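Trainee: I have a new model to go through. Where should we start?

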Amino acid sequence: MSPTEPEPFRKPIPQVDFALGGIAADAETYLHFYREVGVREDMLVPLAEHHDGPHSYYVLFDRVATYGHPGAPQVLAVHLQRDYKKQTFSFEQAPLPLPAMAQSWLIHRGCPHGRIGLDPISGPPPADEATRALERRLVGDGDHYAMGYSYTSDDPDDMVVVVALRALDERAPSPFRVIVEEVDAETWTHTLREGGFETVDEALQWCDNRLTGEAGPLPPVRPAAAANRPAGVAKPPAARPPGRPR
């Protein structure tokens with residue numbers, strides 16, 4: 001760029017405001033909030049938020065989540081509840097790998113379903129209707145599954161998030177699911193896809209293979225009518241060591 005050309009306009013990064021300035025809560029409450037959330041407040045970018053009286057609900061992108069913690073979730077869900085009479089507040093927070101999962105988490109803590117939509121300019125938009133449909137289902141049915149494993153890769157050459165889920169209904173078809181989000185850096189869009197697995201080991205192995213670039217296509221989810229296995233106790237997903245497999 002020549003010295004005479006004006007610099008391109010850069011939209012400032014939005015900042016989150018937890019609006020706690022008027023509350024004189026005790027030091028212990030503030031310290032707990034600071035350790036869990038506030039310590040990285042200036043690195044949190046709001047993707048969605050809703051305020052309803054004393055309640056506030058936030059979907060936040062943590063710009064430093066993976067610094068020193070490879071694979072860590074980059075989305076943070078926060079539910080803040082203020083008690084103005086007692087001059088204090090309480091909160092819940094959960095790091096989650098996908099914005100749709102954060103939306104679901106907040107909805108199941110009282111946020112109205114239609115009030116926590118993502119800012120359309122906050123990130124790469126969905127590339128197709130399949131992505132939008134799966135995101136809507138994750139928002140609505142997020143409490144039907146337990147998350148067992150996730151890995152977020154912010155490699156600019158392969159931006160991908162893999163999530164392994166276990167159905168809470170032991171009779172569900174394909175009881176173990178893998179959700180994959182991939183970002184296309186050239187078109188700046190993202191896709192979301194789902195695969196079904198019969199065992200936790202198969203699901204986790206596919207995740208490992210995807211992160212090393214060796215995965216085949218995701219197997220389809222078995223239709224509900226095909227589910228005909230006896231009731232039993234579903235095994236929880238096995239713990240995985242931190243760090244991206246090489």
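Mentor: Start with a term: two strands pair if DSSP finds at least two bridges between them. Keep in mind that this is a predicted model.

Trainee: How many bridges join β3 to β4?

Mentor: Strand β3 covers residues 75-83. β3 and β4 run antiparallel. The number of bridges joining β3 to β4 is 9.

Trainee: Which strands are the edge strands?

Mentor: The sheet is open and has 4 strands, in the order β1-β2-β3-β4 with antiparallel pairing. An edge strand here pairs on one side only. The edge strands are β1 (44-52) and β4 (88-96).

Trainee: By how many degrees are neighbouring strands of this sheet turned against each other on average?

Mentor: Direction is ignored for this value.

Trainee: Which residue takes a positive phi in the hairpin of β1 and β2?

Mentor: β1 and β2 pair in the antiparallel sense over 8 bridges. Asp52 stands opposite His55 of β2. The hairpin has 2 residues between the strands. With a phi near 60 degrees, the residue is Gly53.

Trainee: Which helix lies across β1, β2, β3 and β4?

Mentor: Helix α1 (residues 27-36) lies across β3 and β4, at about 15 degrees to β4. The other helix covers residues 99-107 and runs at about 25 degrees to β3. The helix across β1, β2, β3 and β4 is α2.

Trainee: Are α2 and α3 roughly parallel or roughly antiparallel to each other?

Mentor: Helix α3 spans residues 129-141. α2 and α3 pack at about 30 degrees, with their axes 7 Å apart. Angles under 35 degrees count as roughly parallel. Therefore α2 and α3 are roughly parallel.

Trainee: How many residues of the contact of α2 with α3 are charged?

Mentor: From α2 come Ala100, Gln103, Ser104 and Ile107, which meet Glu135, Leu138 and Val139 in α3. The residues of this contact include 4 nonpolar and 2 polar. The charged count is 1.

Trainee: Over which residues is the pLDDT below 50, with 36 contacts in the model?

Mentor: The protein chain averages a pLDDT of 87, and 87% of the residues score at least 70. Residues 5-9 stay under 50, with 3 contacts beyond four places in sequence. Where pLDDT is low, the predicted coordinates should not be read in detail. The stretch with 36 contacts beyond near neighbours in sequence is residues 226-246.

Conventions:
Residues are numbered from 1 along each chain as its sequence is written. This is a predicted model: local features need pLDDT of at least 70, side-chain atom pairs count only at pLDDT 80 or more; totals for chains, interfaces and linings use all residues. Side-chain values use heavy atoms; hydrogens and water are left out. Axes are lines fitted to C-alpha atoms, for helices over the stretch in contact, and angles run from 0 to 180 degrees between N-to-C directions. Contact means heavy atoms within 4.5 Å. Angles under 35 degrees count as roughly parallel, over 145 as roughly antiparallel, 65 to 115 as roughly perpendicular and the rest as oblique. Ala, Val, Leu, Ile, Met, Phe, Trp, Tyr, Cys and Pro count as nonpolar, Asp, Glu, Lys and Arg as charged, and the others, Gly among them, as polar. pLDDT is the predictor's confidence in each residue, from 0 to 100.
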